[in-house]
Amino acid sequence: ACAGGGGFCGGADFGDGWGDGPPDDQGPPTPPAGPPPTGTRWEAVSTTHCGREGIEWVLVDEVCGGIGQPGYLDAFQVPMFRDGAVIGDVLYAVDASHLWVLDVSDPAAPRRIGLASGFGRPLAVVAHQGRLLLASADDGLVIADVSDPRHPVRTASVALPGPALDLEVERTVVEPATESGLRRTTATSVWVAAGAAGLVRVELESGGPRVAEQLPIHGYAAAVAVRERVAYVAACDALLVVDLAAGRVIGRTWVGDARVDGRLVAPAKDVVLAGDHVFVAAGRRGAVAVDVSDPEHPFVRGNCTIADDPAFYASGVRVADGRLYVAGGEWGVLDLPAENPGMTCRSTVRPPDDASDGTEEDCAQEPPWVVLPWEDVLAPEPPPRGRDPVQTLPAPGVLYAFGDARRIGLRAVEVRDRVAAGLEHVGRYDEPRLVSDMAFSDGRLLVVGPGGGLFRTAPTEGKPLEQNEPGDFVRTTPVRPEFGDAVAAAFLGDGRWVTATADGTVFVEDHPSFVVPARIWPHGIATDGDDLLIVADDVLLRVLRPGSRSESGGPLLDRLALFRRAELPAAVLAFDGATLVAAAEWPAAIRLAGGRAAELDAHGVFDPTTILDPSRWLDGLPRRLLAGSKAGVVELASLGQRAALVVHAASDLSRLELAAGDYVALAADVGTAYVVSADRDRYVSQVAVVDLLAAEPTLTAAAWFTGVGAAAALGDDGRLYVGDADRGVRVFERTEAGGIVETTVELVEEAP
């Protein structure tokens, strides 16, 4: 067993591959700090603290914790791949929301060739006879035809008495009763681990698919492995052995001290067969080796874990060609020998109990923006390679690792050489992140981010701009640092484009770049005529005529005090002779005009007390957006489960309560506001249309698309251009009936 974080474990040498621990800048968070570590989830428990009742957040296993509570299955829908199956040169990956189709003919450069929905919430997948079988949670067992890999089709599904969490195909051979018929026939079944419903056998042939049998196990079936009519079930608080022919549990065992103070700290959540042993994924306990040579008397031999590293959390186990691969979450993949299973993981190691996984706050608590790594969610850095797997898939010559970036919300599949020592990196597929911000002016569309560029209309002579087709746009520049590395975009009043990078480097069309003393976030710049506006802590920076130089050679800067500090990213807007500033944590925006500052009316989504409640931040970080319209200043504020669109007119305030969501972009024209929200967990975004000229702001239309919305800009042609991190740019226009439809997706990258 692994008694420490490196060195030697059961014959495995941890070199430069996945088995060398987490990078220095990565590790488990101080709860509550946004997404939980891979393989776990947050669970709220009642508590009394500092003289008041409230909730405390504790970490529990994502499969074996929170069973039966509302939202149990919803919690699996996070930005993370969970499993996959290979057919030929195509890898099918699932993320509890969609079916992703990747061409892996070149392992060094996997690329997406398809993305399909309508398969429920697929958590596990296997390939069988050229089709896919998916364990799709509350959708049961789903069967997909992938004869056209780019367009998978759901052909059948079977409802189950419990959630489909895992599955394994079993073949049974039946001899014919007559002497003349010596040919054997094969009936194929699949066993599904269905939580509290136990094991369910689905007959695939002979009139299938249909539920043929249900076996209660008096436990919670999280995963299953089957051999010779015997099933081995990871049942959260035990490893169970089930005689499938007799339909009953014949053996049971598990590690000691699996629960501490009533909390399950050693969850049996995945299982794989290896000779006369099974290995069970058990969170911080790692891979537990169980001798099942006598199925009626199984016993635990020991476990392999990384005892002194809390980043290690085993969620998946797979065996191939004499090797055991343990998906260890933010630690990486633990690669162990399995030629002689009885000699692997023989010792028992008990990691320290993380008894204080909850929020141990004192009464003088710091504000959430001081103690929580909110930057990782709002502007995540690229993750280290191969550091966050929740499951693996051995294939000829390579190992696929699924998950890879849960903490920062990025789906990825890592490809490793499992023949070479150290599981050498071969390739990687990342969920696209193509767009950060957009701006539109005088027939030109500016897009910044890895898929960015400058586009312009190519109008037909004599044809009004508003009659141009969206496909008339053409890219006028290649992707270059001014666009690809930038996070914010705008146009100056004189028509020049401006972009800015996160470190404060500003690029201006036809002028040298310069640096301002500010951290710049997406949508973090605005223009006022020919001047550039940027919020930096407690001042508003006005860059006068960007491109002009002071006597010292730097940009011409004016600094205007804000009289309060913007701790979180701030929205800034020049409108009607004034400048509006709204930091994400402020209960009210401020208006700067004539050298004076005044507060606007409070938006009402949160107040100075509720913004300090970290439990709200777990549901959604605070965000602020600003836009100008004929109706007045339009402000969008959100935190946790509350969001609202507020219109600040000359004499009063009106508001529209919005559904909870991650609101990423706001655009407005004369009397209409367009609000873009992104559900990164489900990989779906919404464009909502709000009438600002009605008696109260009114939601009039909405459109959805698969992908992650990131930005929006209204064009001179009356169309709405939406930045989609998945595809580049989507183009929407209003219909005569007042709705909104996507008219084209011409300005896109390769992803289908």
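Colleague: Before we start, what are the ground rules?

Modeller: It's a predicted model, where local features need pLDDT of at least 70 and side-chain atom pairs count only at pLDDT 80 or more, while totals for chains, interfaces and linings use all residues. Residues are numbered from 1 along each chain as its sequence is written, and side-chain values use heavy atoms, with hydrogens and water left out.

Colleague: OK, how many disulfides are there by your rule?

Modeller: Two, taking a disulfide as a pair of cysteine sulfur atoms within 2.5 Å. One joins Cys64 to Cys236, S to S 2.1 Å, and another joins Cys304 to Cys345 at 2.4 Å.

Colleague: What parts does the Cys64 and Cys236 pair tie together?

Modeller: Cys64 is in the loop between β4 (52-61) and β5, and Cys236 in the loop between β18 and β19, so the link ties parts 172 residues apart in sequence. Strands here are DSSP E runs of at least two residues, and helices are H or I runs of at least four, numbered from the N terminus.

Colleague: Which hand does that link have?

Modeller: Left-handed, with -85° about the S-S bond. The link of Cys304 and Cys345 is left-handed as well, at -115°.

Colleague: And Cys64, buried or exposed?

Modeller: Buried, at 12% relative accessibility; Cys236 is buried too, at 4%. Buried means under 20% relative accessible area, exposed over 50%, partly exposed in between, with a 1.4 Å probe and protein chains only.

Colleague: Switching topic: which residues have the most contacts inside the largest nonpolar core?

Modeller: Leu199, Val233, Trp254, Val271, Val278 and Val280, in a core of 49 residues. A core is a set of buried Ala, Val, Leu, Ile, Met, Phe, Trp, Tyr and Cys joined through side-chain atoms within 4.5 Å.

Colleague: Which strand gives the most to this core?

Modeller: β18, with five residues.

Colleague: Now the second largest pocket: what's its volume?

Modeller: About 760 Å³, as the space filled by probe spheres set on grid points joined across faces, edges and corners. A pocket is an open set of points on a 1 Å grid over the protein atoms alone, where a 1.4 Å probe fits, with protein on both sides within 12 Å along at least five of seven lines; lining residues have an atom within 4 Å of a point.

Colleague: Which lining residues are closest to its centre?

Modeller: Asp83, Asp166, Asp270, Arg318 and Gln391, out of 35. β30 gives the most to that lining, with five residues.
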